[in-house]
Amino acid sequence: MKQVIDVVTQGEKPIIRDHLNMGGSNPKGDSIRANSLYIERNGKPWLPVMGEFHFSRFPNEQWEEALLKMKAGGIQVVATYLFWIYHEEIEGSFDWSGDKNLRKFVELCARSGLEVVVRLGPWAHGECRNGGFPDWIYGRCVLRTNDEDYLRYARRFYSEVAKQIEGLAFQDGGSIVGLQFDNELTDNAEHLRALKEMALALGMKAPLYTVTGWGGPGGARIPQDEVLPLFGGYPDHPWEKHTNPLPPGPHYFFHSVRNDPSIGSDLFGEKAEEIEDLAEIERYPDGCCELGGGVQMTYHRRPVIEADDVAAMATVKLANGCNLLGYYMYHGGTHSVGELSTMQESNPQGNQLPVRSYDFQAPIGEFGQLRESYRLLKRLHLFLQAFGERLAPMSAAYPEIRPLSLEDTGTVRVAARASGDSGFLFFNNYQRLTKMEDKKDVQVELRLPGGQLTVPEAAGFTLKAGAYFIWPYYLDMEDVRLNYATAQPLCALREDGDATYVFFGVPGVRPEYVWDSSSVAHIEVIEGSGCVERSGVAVAVRDLEPGTACEFTVRSVSGRTFKVLTLTGEQSLHLWKGKAFGRERLILCEGDVSFEKDGVRIGGTEVNQFAFAIYPPVDRSVAHEGGAVEWRQDGVFQAFRSIVRPREISVVVMPVSDAILNAAFFPYLFEKEGQEGKSLEWEIRVDVTAFEEAADIRLVIAYVGDVAQIYIGGLCVADQFYNGTPWTIGLKRFRQELRREPIILKVSPLWASKDVYMPDRPSEDRMPDLLSVRALAEYTVELS
């Protein structure tokens with residue numbers, strides 16, 4: 001099954017420069033600007049990775065830890081909403097303290113090596129009450145327009161924001177690189193222009209100004225060249241009114257349309273067949289601000305998001321030309337409770353959110369837990385750190401034979417990003433909630449300006465069901481040309497003239513590297529780990545077994561050398577890259593790794609998560625508070641034994657009926673009329689002395705029911721709509737209260753008559769049932 005991609009015929013996109021009214025330089029002379037194809041940093045292509053994290057929905061004492069996790073996952077820019085109601089719930093009384101301290105958050109991002117996009121509003125959505133508007137503003141003006149009264153209120157809010165971020169813009173040497181105006185406003189370009197002018201007049205600035213670009217048959221109407229329209233896509237749509245499984249969506253297909261027919265369709269209904277892009281879309285680089293890192297459950301729709309749902313979609317977006325990869329959400333959070341009301345979106349005719357949880361099934365969950373999607377995305381972000389500068393100028397190119405419809409699962413899905421003869425091939429054989437079959441004898445014929453290239457050359461390969469990956473072709477590595485590889489590039493290490501390129505094997509395909517022989521003087525493989533074959537104008541490395549010992553050395557005709565390391569797919573998920581022990585290094589570890597100062601921090605709940613391996617090896621001892629760590633050689637890595645033995649934590653559970661619970665939260669249990677507050681309760685007592693040595697305690701609750709709420713001291717602190725998966729709650733933020741108070745779990749019945757979508761929904765009434773409760777000690781170890 002050969003797919004043909006004619007890069008020559010499709011051509012490269014022309015680049016328009018100096019037409020966008022944005023850009024800027026900082027006091028050091030660093031610059032950020034945008035052209036029509038990509039963002040430039042210091043005049044070079046920049047493909048940033050952005051992750052949404054709402055500072056006001058997470059304890060400020062844990063911001064630094066959260067930001068370091070985001071950075072270790074490959075995030076470079078943190079996007080965050082401002083919810084007006086959080087800061088001025090009571091008219092004229094602004095609150096920027098504690099978890100609402102915007103200035104502290106932005107400064108902490110800078111200290112953590114992260115930049116910031118502030119999504120200013122005034123309207124945000126974000127599943128917040130009133131979309132972020134304070135209650136008091138209703139009835140006083142025409143919202144989200146150039147109505148004079150509305151602009152007066154908006155100006156007052158913006159002026160308070162300006163005070164908070166004064167001096168923190170990129171142009172002032174700070175970390176704010178972007179400002180977004182409003183959100184999901186589709187039909188009022190002049191209002192967006194007015195908001196930008198207002199922000200600038202108040203002293204706010206950034207090198208990039210953005211809006212959301214989706215909505216309407218031709219995309220949102222925007223003031224031309226004043227803002228960048230950013231897009232998105234979600235693996236499921238909990239805002240849909242129905243409770244049926246969704247049909248196949250467009251985000252697992254290679255195509256050029258940026259506008260999404262579904263985001264915000266609860267606000268402005270659209271028909272998929274009418275969707276196209278803004279006529280002048282080619283004036284702006286392709287970027288995302290809301291690529292779904294998960295989705296939030298609503299009462300009537302409770303999808304379970306798999307890690308591949310997210311990572312496959314992100315890979316496809318890159319193939320389609322995306323040059324700003326922005327996730328919503330990347331880190332989950334918790335709705336606060338205001339002085340006057342709860343803060344979640346709650347609309348009986350539309351979305352009804354949990355009263356507290358905004359976990360979003362994100363790569364980093366509501367309580368800081370890392371999900372499998374975090375590791376899959378980290379792997380993609382490592383690739384972008386190493387190769388994003390090359391990828392950004394490349395245009396998307398598509399095969400001659402493409403799927404005929406969203407239901408077509410038989411046609412091979414492949415695309416290329418190409419510039420001249422060089423590029424990357426993207427394959428996808430994954431689609432959410434869809435059975436995909438293996439595709440056999442797959443080859444791609446690339447028609448390039450310099451001639452034709454077939455990948456793989458000798459014979460086709462089997463594209464396994466569920467697989468998605470990236471292969472390079474005509475990739476210049478140092479001064480050697482790699483014709484193609486059947487392994488995915490992962491990252492690169494460089495220090496003092498030495499370079500190591502790291503790849504990983506993809507499902508069902510034996511890695512091979514085919515080089516232009518005119519640029520290669522010699523290739524040396526470790527004995528027994530592969531073979532080198534010369535044939536005409538090519539030299540190939542084949543018969544490789546990926547792993548920690550699968551490394552070979554390439555020497556160019558000019559005498560330069562570099563190494564190529566090929567890991568397994570599983571190892572690639574546990575690879576971390578950062579500065580440690582004096583230089584950039586790779587860390588193989590199943591735990592949660594972050595880098596701070598010149599050391600490494602490892603977190604986890606299991607013994608195996610604290611074993612780790614380092615490349616290149618450290619020429620001194622590695623120590624933690626318990627002393628030096630023993631090590632052995634594992635291929636080219638220096639492997640260290642596990643250094644923690646997590647303790648078991650006792651949990652005592654008993655049925656109760658607690659009279660002190662705050663009944664204001666009972667309506668969100670969605671019980672039957674007349675049964676309000678009568679749902680079953682259990683008291684859970686955890687041995688909190690574990691906090692004397694553990695960084696956190698994770699409570700894992702398996703249950704059956706409709707809605708679950710956790711109370712401590714009578715206050716609802718966490719909740720979840722049941723969808724068949726265990727519920728994990730981090731107890732660190734409640735550690736003081738738990739010394740005095742037990743946890744009360746309240747679960748409402750799941751009635752068969754309720755119109756609710758979830759996978760494997762019980763067909764009969766289910767009374768609340770507590771299946772198991774476990775408490776896991778999470779430890780943190782710092783290595784230096």
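# A tour from histidine 125

Start by selecting histidine 125, which sits in the loop between strand E8 (115-119) and helix H5 (148-164). Check its backbone: phi is positive at about 75°, although histidine 125 is not a glycine. A word on labels: helices (H or I, at least four residues) and strands (E, at least two) are DSSP runs, numbered from the N terminus.

Before moving on, keep in mind that this is a predicted model, where local features need pLDDT of at least 70, side-chain atom pairs count only at pLDDT 80 or more, and totals for chains, interfaces and linings use all residues. Residues are numbered from 1 along each chain as its sequence is written, and side-chain values use heavy atoms, with hydrogens and water left out.

**Zoom out**

Show the whole protein: its secondary structure comes to 10 helices and 48 strands. Along the principal axes, the C-alpha atoms fill a box of roughly 80 × 60 × 55 Å. A compact globule of 784 residues would have a radius of gyration near 28 Å, and the protein, at 27 Å, agrees with that. That radius is taken over C-alpha atoms, and the globule rule is 2.2 Å times the number of residues to the power 0.38.

Now pick the open sheet of four strands, ordered E2-E3-E4-E5 with antiparallel pairing. Two strands pair here if DSSP finds at least two bridges between them. Which strands stand at the edges? They are E2 (24-25) and E5 (44-46); each has a single partner strand, so one side of each is left without a neighbour in the sheet.

Walk across from E2. Two bridges join E2 to strand E3 (residues 31-34), and glycine 24 has isoleucine 32 in E3 as its bridge partner. The hairpin of E2 and E3 has five residues between the strands, and glycine 29 takes a positive phi near 95° there.

Next, E3 and E4 pair in the antiparallel sense over three bridges, forming a hairpin with four residues between them.

**Two helix pairs**

Select helix H2 (residues 63-72) and helix H4 (residues 102-111), which pack at an angle of about 40° with their axes 10 Å apart. Axes are lines fitted to C-alpha atoms, for helices over the stretch in contact, and angles run from 0 to 180 degrees between N-to-C directions. H2 and H4 are therefore oblique to each other; angles under 35 degrees count as roughly parallel, over 145 as roughly antiparallel, 65 to 115 as roughly perpendicular and the rest as oblique. Show side chains for Trp63, Glu64 and Leu67 of H2, and for Lys104, Phe105, Leu108 and Cys109 of H4, which make the contact (heavy atoms within 4.5 Å). By class, the contact of H2 with H4 has five nonpolar, no polar and two charged residues. Ala, Val, Leu, Ile, Met, Phe, Trp, Tyr, Cys and Pro count as nonpolar, Asp, Glu, Lys and Arg as charged, and the others, Gly among them, as polar.

Then jump to helix H7 (residues 307-319) and helix H8 (residues 372-391), packed at about 15° with axes 8 Å apart. H7 and H8 are therefore roughly parallel to each other. Residues in this contact include Ala307, Ala311 and Leu318 of H7, and Leu376, Leu380 and Leu391 of H8. The contact of H7 with H8 divides into 10 nonpolar, two polar and two charged residues.

**Two cis prolines**

Go to valine 455 and proline 456: a cis peptide bond joins them, with omega about -15°. Proline 456 is in the loop between strand E20 (451-455) and strand E21 (461-463). Another cis bond links tyrosine 615 and proline 616, where omega is about -10°. Proline 616 lies in the loop between strand E36 (612-615) and strand E37 (623-624).

**Last stop: five strands**

From there, select the open antiparallel sheet of five strands, in the order E32-E33-E36-E40-E39. Strand E32 (575-580) and strand E39 (631-634) are at the edges with a single partner strand each, so one side of each has no neighbour in the sheet. On average, neighbouring strands of this sheet are turned by 30° against each other, direction ignored. Finish on E32 and strand E33 (residues 583-589), which pair in the antiparallel sense over six bridges; tryptophan 576 has isoleucine 587 in E33 as its bridge partner.
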